[in-house]
Amino acid sequence: MTDVVSPAAGIPRAKSVRRDIGIKRRYAAERRFRAYGIAALSFGIIFLMLLLWSVVSKGYTAFQQTMITMPVEFSQQIIDPQNERATNPQKLMTANYPVVARNALAKLLNVSVDDRVASRAIGQMLSDGVRVQLRDLVVANPAIIGTTQTVRLLASGDIDSAYKGQIDLDVGQENRKINDQQLGWMKQLSDSGALAKHFNSGIFVNGASSRPEAAGVGVALIGSFYMMLIVLVLSLPIGVAASIYLEEFAPKNKFTDLIEVNINNLAAVPSIVYGLLGLAVFVNFMGLPRSASFVGGLVLTLMTLPTIIIATRAALKAVPPSIRAAALGLGASKMQTIFHHVLPLAMPGILTGTIIGLAHALGETAPLLLIGMVAFVANYPTTPLDPSTALPVQIYMWANEAERAFVERTSGAIIILLLFLILMNVGAILLRRRFERRW
Amino acid sequence: MNMMSESAVEKALDQKMSDASHKMIGKDVSVYYGEKRALFDVNLNVRENTVTALIGPSGCGKSTFLRCLNRMNDTIENCRVTGKITLDADDIYDQNIDVVELRARVGMVFQKPNPFPKTIYENISYGPRIHGLSKNKADMDQIVEASLQRAGLWGEVKDRLHESGTGLSGGQQQRLCIARAIAVSPEVILMDEPCSALDPIATAKVEELIHELRANYTIVIVTHSMQQAARVSQRTAMFHLGQLVEENDTDKMFTNPDDQRTQDYIMGRFG
Ligand SMILES: Nc1ncnc2c1ncn2[C@@H]1O[C@H](COP(=O)(O)OP(=O)(O)O)[C@@H](O)[C@H]1O
Ligand SMILES: [Mg+2]
């Protein structure tokens, strides 16, 4: 026994001493590498968190809006003193609704409307948007003239900011947009429950407005939606068809090599160049309207195509050759092989590439500025040829506004944009899962 | 299926074989991959209802020749085939021959099992569907069952026809691929090292299957295993450096080959 053990024990020990050093070093290297990885990841996560925190903390208040709920007397005296609404339909459109609202608020605050200074100050507490709010009510139902209704009206942007605590009250009242008297009224109204924060549906549906409390991303959402639709409808079929041709049918020669290099280059071209191209070709040469989401969609399609083509070609290339061989060996034609076997297998990759391309296009601003989509558009575009804006452009425009209430709107719109991006990415993941689960 | 009848069948088949017509005839077949020549004037005939084995060291052109027989070489960029190959009396490289139809007549089984990532049923039914072999669902069910029966896989998969074909074991996948090839009723089945990715038990099953298929199909099989060639084939062709060295009855080939190089290869002196 000992005979056998002792020499055998000697040799492995010498060996293991030598090998141990290498292993230790390798383990150390691996640990270091992991530490680097974790450090890099944490770094990224911290910055992501910072970004999200700054956007959300600034922007979440935009989804609440200060409103005043009060009884409003739709006085015939003010709206239609000559009782001519039956003959003159314009009368109801142009009536002096702000006064109706102001009088109602003055009554609630027990202030005499004869006090000119006080009633001016009261009028400033309400948004200019009340004109439209009350008009819509009256036009929809003229029978309410002469009655008193409880109505929820928008407070002005300054009241909104003050109520949300965003205005520095330490400065003297002559240096701020809201004076102490108005603050007192605000407190009184909020104590009585008339003034309160409500969910702000306006930010989703309203168009552009110079009054922050009445401004929304409605037009921008529609514009972005039209553009996404155009990009999807154009770039997916064109991109997939081009990739299939290049990948499966095109002969490999200098010319197709050149095309390939150019497609890869196009993917790296700055987006503003596409904007210039769109301005020159679609607007100036083809005479398509400026500021239209149709033109924006075309420009974004050009910009997205290289991304989709590259992703699709990679997905097609990744389909194992054995699947093609199997189909061809069974007597399937080239078209059948591609459409029955290769394309379905490449689908998850194609869809991921497409949605990433779309998400990229959704956030694109620069080319849209050049084709004039940066515009003050208050009315919904009914067709893609009508003037419109886009979400990122709206953010850009709001970011340039000075009023405090636009700051939270900017962040609010960023949150909306991020939500749509997350939605699209979740959609990509779900589609991927669905297509992969089929086998 | 007792011993008597089986050997009787064998005898009848061998009888048929000896005066068998040549199912496929290759005359002066040469293949070039670009500038490189991979086959040199190969003259090889494939007999009907016979298993013909192609052997030889790797890189000698066995797969290349096999792919000529159903024009799979067409799918390889810059591959050029010269010479003449006929199936029955038709020149398969003729302008008027439709490759799709040719491949329906000459099926192929590959080295690595390559079922479609679809259900077992869809794997089998795909070929018949694109070739319009069934009129209705019942017809198709019939074809699927018959093909799986012939491939000896029916018993193992009949309860999971609608599960993925890629979920089967390697050996089952290869038999599924054979069933898929059978489903389009080919006349010739080409197999390129069909067992090289399988374990011994699965290999034995596939070999047994090849043996049975011989009654209905003409089979050409590439193999790198001498034993396999000896077990499954009646005729053997030996390739070396792109040339056909010798083609003979398998028995003769393994006992008393005409060519010294065959002898050396079989004895394991090279390859
Ligand atoms: N697709 C191809 N392109 C270029 N050369 C090839 C190709 N396929 C095979 N060859 C060459 O042709 C010769 C024969 O190959 P192959 O028929 O695959 O041999 P085997 O199947 O007998 O191992 C080899 O030298 C190989 O390098
Ligand atoms: Mg081979």
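A residue counts as near a molecule if one of its heavy atoms lies within 4 Å of that molecule. The model described here is predicted.

**Surroundings of ligand 1**

The residues around ligand 1 belong to chain B: Tyr33(B), Lys36(B), Ala38(B), Ser58(B), Gly59(B), Cys60(B), Gly61(B), Lys62(B), Ser63(B), Thr64(B), Arg67(B) and Ile76(B). Sorted by class, this shell holds 4 nonpolar, 5 polar and 3 charged residues. Two elements of chain B, strand E2 (36-47) and helix H2 (62-69), each contribute at least two residues to the shell. The largest contribution is that of H2(B), which gives 4 residues.

**Helix packing**

Two packed helices are described by the angle between their axes and the distance between the axes. One pair is in chain A and another is in chain B.

In chain A, helix H13 (residues 293-317) and helix H15 (residues 334-362) have axes that come within 8 Å and cross at roughly 150 degrees. Angles over 145 degrees count as roughly antiparallel, so H13(A) is roughly antiparallel to H15(A). The crossing in which H13(A) passes H15(A) is right-handed.

In chain B, helix H4 (residues 120-130) packs with helix H5 (residues 137-150) at an angle of about 110 degrees, and the two axes are 9 Å apart. The range from 65 to 115 degrees counts as roughly perpendicular, and H4(B) and H5(B) are therefore roughly perpendicular to each other. H4(B) passes H5(B) in a crossing that is right-handed.

How values were computed: Residues numbered from 1 in each chain as written. Chains lettered and ligands numbered in written order. Predicted model: local features only at pLDDT ≥ 70, side-chain atom pairs only at ≥ 80, totals over all residues. Heavy atoms only, no water. Nonpolar A, V, L, I, M, F, W, Y, C, P; charged D, E, K, R; others polar. Axes fitted to C-alpha atoms, helices over the stretch in contact; angles between N-to-C directions. Parallel < 35°, antiparallel > 145°, perpendicular 65-115°, else oblique. Left-handed = near helix turned anticlockwise from the far one by under 90°.
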